[in-house]
Amino acid sequence: LMLAIARGGTVGCFLRPIKNVIWIFRRVFSSKGREEMSVGLEQVLELVRPVHHFLIGLKAFFGAVLWLIVPAGLMVAYSAPNRTSPLFGLLSFLGVLIMIPVTAWLPLLQVHQAVTGKFRSIFKISVARRVIRNAPLSWMLTTVLMYAMTFPLYLAKIRLLPADAMLLLTPFFIILTYPARILVAWAYHRGMAQDRLAWFPVRWGIRLLMLPLLFAHAGFLFVTPTISELGKNAPL
């Protein structure tokens with residue numbers, strides 16, 4: 001696949017794998033070919049900017065951990081051993097409630113952090129609220145799709161697979177959620193580009209519709225210890 005793309009990415013390139021191999025060998029064993037490959041590699045690295053995008057992803061990861069650690073930690077309070085007191089049940093329910101706005105805001109805030117390049121931007125709640133107010137329908141569709149695409153990840157942890165099998169499944173999960181992430185960025189763009197609020201009935205109607213859906217998602221995270229071999233660590 002990579003050779004077909006490197007050779008030009010036309011339909012014929014994908015249908016002739018042997019010719020692709022011959023092409024790359026000719027390039028490798030000729031000085032002119034190696035020079036062209038070096039120039040091409042520099043152009044690709046300049047376009048992709050792997051270090052830059054790795055740092056963006058790293059910031060988004062740690063920002064998400066800081067957002068999720070409190071509600072996730074509260075949610076597992078009741079599932080821990082010897083914690084049957086009603087107080088722990090209330091703490092777990094509080095974690096479910098806190099998880100609702102976090103899951104509504106966090107994907108948009110990760111986009112905002114990537115756009116600004118500043119780590120603290122992931123805590124700017126006003127940006128997420130602006131996107132939801134200005135483009136509620138786009139936000140609803142992308143949010144529902146994104147969290148729906150994460151369910152196979154939880155299903156794969158009902159019974160833990162060997163480490164090598166999980167390694168093979170990881171690219172599948174990335175590919176599965178990637179389109180939804182792109183759509184979240186699209187919703188962010190629509191919300192930030194518009195200056196006017198969405199029509200009041202639409203804005204509040206979508207909020208009322210999303211509230212039970214986000215609550216159901218948070219509730220699903222709460223009950224994952226009962227269906228996963230990870231036990232109480234499943235929400236974490």
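**Entry 1: ground rules.** I am working from a prediction, in which local features need pLDDT of at least 70 and side-chain atom pairs count only at pLDDT 80 or more, while totals for chains, interfaces and linings use all residues. Residues are numbered from 1 along each chain as its sequence is written, and side-chain values use heavy atoms, with hydrogens and water left out.

**Entry 2: helix 7.** I looked up helix 7, which covers residues 125-134; helices here are DSSP runs (H or I, at least four residues), numbered from the N terminus. Its buried residues are V127, A128, V131, I132 and N134, where buried means under 20% relative accessible area, exposed over 50% and partly exposed in between, with a 1.4 Å probe and protein chains only.

**Entry 3: G191.** I found G191 in helix 10, and it counts as buried because its relative accessibility is 0%. Leaving aside neighbours within four places in sequence, G191 is in contact (heavy atoms within 4.5 Å) with R130, V131, N134 and A135. From C-alpha to C-alpha, G191 and I132 are 6.9 Å apart in space, although 59 residues separate them in sequence.

**Entry 4: the largest nonpolar core.** A nonpolar core is a set of buried Ala, Val, Leu, Ile, Met, Phe, Trp, Tyr and Cys residues joined through side-chain atoms within 4.5 Å. The largest one has 31 residues, of which W67, M99, L108, W139, Y188, M210 and L214 touch the most other members. At least two residues of this core come from each of helix 5 (50-75), helix 6, helix 7, helix 8, helix 10 and helix 11, and helix 6 gives the most, with 9 residues. Not counting residues up to four places away in sequence, L214 touches I100, T103, A104, W139 and T143.

**Entry 5: salt bridges.** How many salt bridges does the structure hold? I noted 2, each being a side-chain nitrogen of Lys or Arg within 4 Å of a carboxyl oxygen of Asp or Glu. One joins D195 and R130 (3.7 Å, N to O); D195 lies in the loop between helix 10 and helix 11 and R130 in helix 7, so the pair ties together parts 65 residues apart in sequence. D195 is exposed at 70%, whereas R130 is partly exposed at 28%. R159 and E229 also meet in a salt bridge (3.5 Å, N to O).
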